[in-house]
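This report goes through one chain by region. The sequence and the structure come first, and the notes follow.

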Amino acid sequence: MTLTLKIIIGSTRPGRKGPAVAKWVETLARQHGGFTVELVDLADMELPLLDEPKHPAMKDYQHAHTKRWSEVIEGADAFVFVTPEYDFHAPASLVNALQCLSQEWRYKPAGVVSYGGISGGLRASQVLRGLLNNLNVMAIPQAVPLPLFTEYLGEDGAFNGTEKMAEGATLMFNELMKWAGALQTIRA
Ligand SMILES: Cc1cc2nc3c(=O)[nH]c(=O)nc-3n(C[C@H](O)[C@H](O)[C@H](O)COP(=O)(O)O)c2cc1C
């Protein structure tokens, strides 16, 4: 059975660079061939700050936007979060999107691709991995930081990472595949 990988664009601000980085990740994921790949843009989900009265673990949602988001995440076997670093942290948009749901994340693996200045967003990546683990997501250690990422943005706005960056992404996909297959057993 094919495994579905959802690549989630974590930033939502106007003028963001997240989609360019995520497109590069998507291309590599399709070349890898181990997954059915879907790109999910948080900006399209239009999630307000948590506005559900019940704890998400109850999965008893009142709002159409939460139900839609729940369906999107329910349909995934693995994730790659593409995250910027804001003030050494993951963006509020992504933290909020994660906390809107609970059961839908459970027993699924995730990789993190972070981008930023010289740190490549590593601090955001680490914070995010901690949160993911608390949601019962297996946040694998094979994260992919993209330091000084703006140097790899072309005039057309496309992100063209180096060979080494692509190698890191391939390693991440390989590990995600193993975890995604194994964790299906727990979910069953
Ligand atoms: C509110 C804010 C905080 C930022 N903080 C950091 C930071 O801590 N580390 C870093 O490397 N870049 C930081 N940056 C620069 C971002 O790496 C850069 O703006 C990047 O394009 C943000 O991703 P986005 O375009 O997808 O929103 C920050 C940018 C913003 C808007």
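Where is the place of valine 21? Valine 21 sits in helix α1; helices (H or I, at least four residues) and strands (E, at least two) are DSSP runs, numbered from the N terminus.

## Basis of the model

This is a predicted model, in which local features need pLDDT of at least 70 and side-chain atom pairs count only at pLDDT 80 or more, while totals for chains, interfaces and linings use all residues. Residues are numbered from 1 along each chain as its sequence is written.

## Surroundings of valine 21

Valine 21 counts as buried because it has 29 C-beta neighbours inside 10 Å. A residue is buried if 20 or more other C-beta atoms lie within 10 Å of its own, exposed if 12 or fewer, and partly exposed in between, with C-beta atoms placed from the backbone.

Leaving aside residues up to four places away in sequence, valine 21 touches Val82, Val113, Tyr115, Leu146, Phe149 and Phe159. Contact here means that the C-beta atoms of two residues, placed from the backbone, lie within 7 Å. Glycine 161 is 140 residues from valine 21 along the chain, and the C-alpha atoms of the two are separated by 8.6 Å.

## Overall fold

The chain has 6 helices and 6 strands. Read from the N terminus, the order of elements is β-α-β-α-α-β-α-β-α-β-β-α.

The radius of gyration of the chain is 16 Å, which agrees with the value near 16 Å for a compact globule of 188 residues. That radius is taken over C-alpha atoms, and the globule rule is 2.2 Å times the number of residues to the power 0.38. The C-alpha trace spans about 45 × 35 × 25 Å along its principal axes. Buried residues make up 40% of the 188 residues. Of the contacts with a separation of 6 or more, 78% are between residues 24 or more positions apart.

Helix α6 (residues 163-187) has 25 residues. From its first C-alpha to its last, α6 reaches 35 Å, close to the expected 36 Å; the expected span is 1.5 Å times one less than the number of residues. The buried residues in α6 include Met165, Met172, Phe173 and Leu176. Among the elements that cover the buried residues of α6 are β1 (3-9), α1 (18-32), β3 (78-84) and β4 (108-115).

In helix α4 (residues 92-99), Ser93, Leu94, Ala97 and Leu98 are buried. They lie on the same side of α4, because they cover an arc of only 130 degrees around the axis; the arc is that of the directions from the helix axis to the C-beta atoms. Cover for the buried residues of α4 includes α2, α3, β3 and α5 (122-134).

Glutamate 46 is exposed, with 11 other C-beta atoms within 10 Å. Lysine 59 is partly exposed, with 15.

## Ligand shell

There are 14 residues around the ligand, and Ser11, Gly18, Pro84, Gly116 and Gly117 come nearest. A residue is near a molecule if its C-beta atom, placed from the backbone, lies within 6 Å of it. By class, the shell has 3 nonpolar, 6 polar and 5 charged residues. Ala, Val, Leu, Ile, Met, Phe, Trp, Tyr, Cys and Pro count as nonpolar, Asp, Glu, Lys and Arg as charged, and the others, Gly among them, as polar.
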